[in-house]
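Dear colleague,

Here is the structure I promised to hand over, with the sequence alongside.

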Amino acid sequence: LEGDPEKEIVGINNLVSASDNEISFIARETFIPQLDSTSAGAVICNSRTSELYEGNKLVCANPYLIYANCTKLFKEKPSTEMGISNLASIASSSSISDKASIGSFVSISDEAIIEDDVILMPGVFIGKGSKVGKGTILHANTSLYDSVDIGQECIIHSGTVIGSDGLGFAQDNKQWVKIEHLGKVIIGNHVEIGSNSTIDRGSVDDTEIGKNTYLDNQVHVAHNVKIGSNCMIAGQVGFAGSCRVGNNVSIGGQAGISGHLQIGNNVKIGGGSGVIKDIDDNQIVMGYPAIQFKEFIKHWKKK
């Protein structure tokens with residue numbers, strides 16, 4: 001920390017809009033010109049950009065990471081009180097921690113388990129035998145069908161549906177016969193799922209999402225899909241049934257993953273890509289059909 005250690009900071013903002021009592025950050029050299037005109041009370045920067053700024057500053061190796069951690073200081077948690085709203089519907093065989101917060105018009109079914117510090121916002125539905133782990137927040141109008149297991153410290157945003165049946169049918173002459181889905185959905189700790197996403201239950205196997213994985217809004221995960229840990233999935237990505245996704249995978253918006261594929265660890269898939277074959281570890285792919293990123297750029301340049 002360089003500058004006035006007594007400087008009071010009450011918020012965080014970008015370099016252009018920050019006021020004298022807000023902290024800002026610079027993570028890319030393209031924003032260096034904004035340092036001359038910013039009114040920020042302090043700036044998070046690296047050692048190189050620190051030499052170009054005379055004000056209060058927090059000098060570090062990774063400004064973007066420190067910025068991310070700073071945002072947690074200013075994020076207000078939902079305003080709730082421990083206990084169960086008089087307008088909630090609670091099955092007698094459910095188990096609810098005294099430290100949980102259950103909002104109005106929440107419905108909790110038989111044998112459901114709600115652990116300590118869980119927050120269920122208004123209109124949440126919890127199906128039979130489902131479990132919500134310690135410290136997890138389910139925002140308004142989230143629906144968990146039966147036998148859904150949500151880990152600890154997760155965030156599920158409004159309108160998300162977890163545990164609905166997948167698209168499974170057998171054909172009898174010219175008629176479709178529904179395959180009942182008997183599996184579960186199992187979601188690890190520290191997972192965040194964006195609003196209006198849908199995660200289907202397994203048919204006979206389980207659908208699984210690993211710890212520290214983040215799904216953006218309107219992501220669809222079909223039956224039996226298994227997504228690893230530390231993955232980042234952008235909006236409107238679709239996973240077809242029974243595909244397997246490794247750890248540390250990043251997928252850009254509107255990409256589609258065909259069924260029964262194997263996506264390796266540390267893979268990056270560009271936005272809008274169509275993946276129709278397996279991808280080995282440590283690959284970067286893009287396009288439809290998805291090919292190696294370098295090859296995609298060559299084809300694009302030829303056009």
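I begin with Glu 153, which has a relative accessible area of 42% and is therefore partly exposed, since that class covers values between 20% and 50%. Please bear in mind throughout that this is a predicted model. Glu 153 sits in the loop that runs between strand S16 (148-150) and strand S17 (155-156), and although Glu 153 is not a glycine, its phi is positive, at about 55°. I mention this because most residues other than glycine have a negative phi.

A second residue of this kind is Asn 282, again not a glycine, with a positive phi of about 65°. Asn 282 lies in the loop between S35 and S36, and with a relative accessibility of 52% it counts as exposed.

The backbone has a further feature at Tyr 288 and Pro 289, which are joined by a cis peptide bond with an omega of about -5°. Pro 289 belongs to the loop between strand S36 (284-286) and strand S37 (291-292). For context, most peptide bonds are trans.

Turning to the strands, you will find an open sheet of 10 strands with parallel pairing, in the order S6-S9-S12-S15-S18-S23-S26-S29-S32-S35. Strand S6 (89-90) and strand S35 (274-275) are at the edges, and because each has a single partner strand, one side of each is left without a neighbour in the sheet. Within the sheet, strand S29 (residues 238-239) pairs with strand S32 (residues 256-257) in the parallel sense over 2 bridges, and Gly 238 has Gly 256 in S32 as its bridge partner.

As for the aromatic side chains, the count comes to 3 aromatic pairs. One of them is the stacked pair of Phe 25 and Tyr 67, with 3.9 Å from centre to centre and 20° between the planes. This pair links distant parts of the chain, with Phe 25 in strand S2 (residues 22-25) and Tyr 67 in helix H2 (residues 63-74), 42 residues apart. Tyr 67 is partly exposed, at a relative accessible area of 23%, and ring pairs link Phe 25, Tyr 64 and Tyr 67 into a cluster.

Finally, on the surface, Leu 167, Phe 169 and Trp 176 form a nonpolar patch, and their accessible area together is about 410 Å². Phe 169 is placed in strand S19 (residues 169-172) and, at 39% relative accessibility, counts as partly exposed.

Methods:
Residues numbered from 1 in each chain as written. Predicted model: local features only at pLDDT ≥ 70, side-chain atom pairs only at ≥ 80, totals over all residues. Heavy atoms only, no water. Pairing = 2+ DSSP bridges. Helix = DSSP H or I, 4+ residues; strand = E, 2+ residues; numbered from the N terminus. Patch = residues over 30% accessible without salt bridge, like charges linked within 9 Å, V, L, I, M, F, W, Y side chains within 5 Å. Areas by Shrake-Rupley, 256 points an atom, 1.4 Å probe, with all protein chains shown as cover. Salt bridge = Lys/Arg side-chain N within 4 Å of Asp/Glu carboxyl O. Buried < 20%, exposed > 50% of the residue type's maximum accessible area, 1.4 Å probe, protein only. Phe/Tyr/Trp six-rings, centres within 6.5 Å; stacked < 30°, edge-to-face > 60°.
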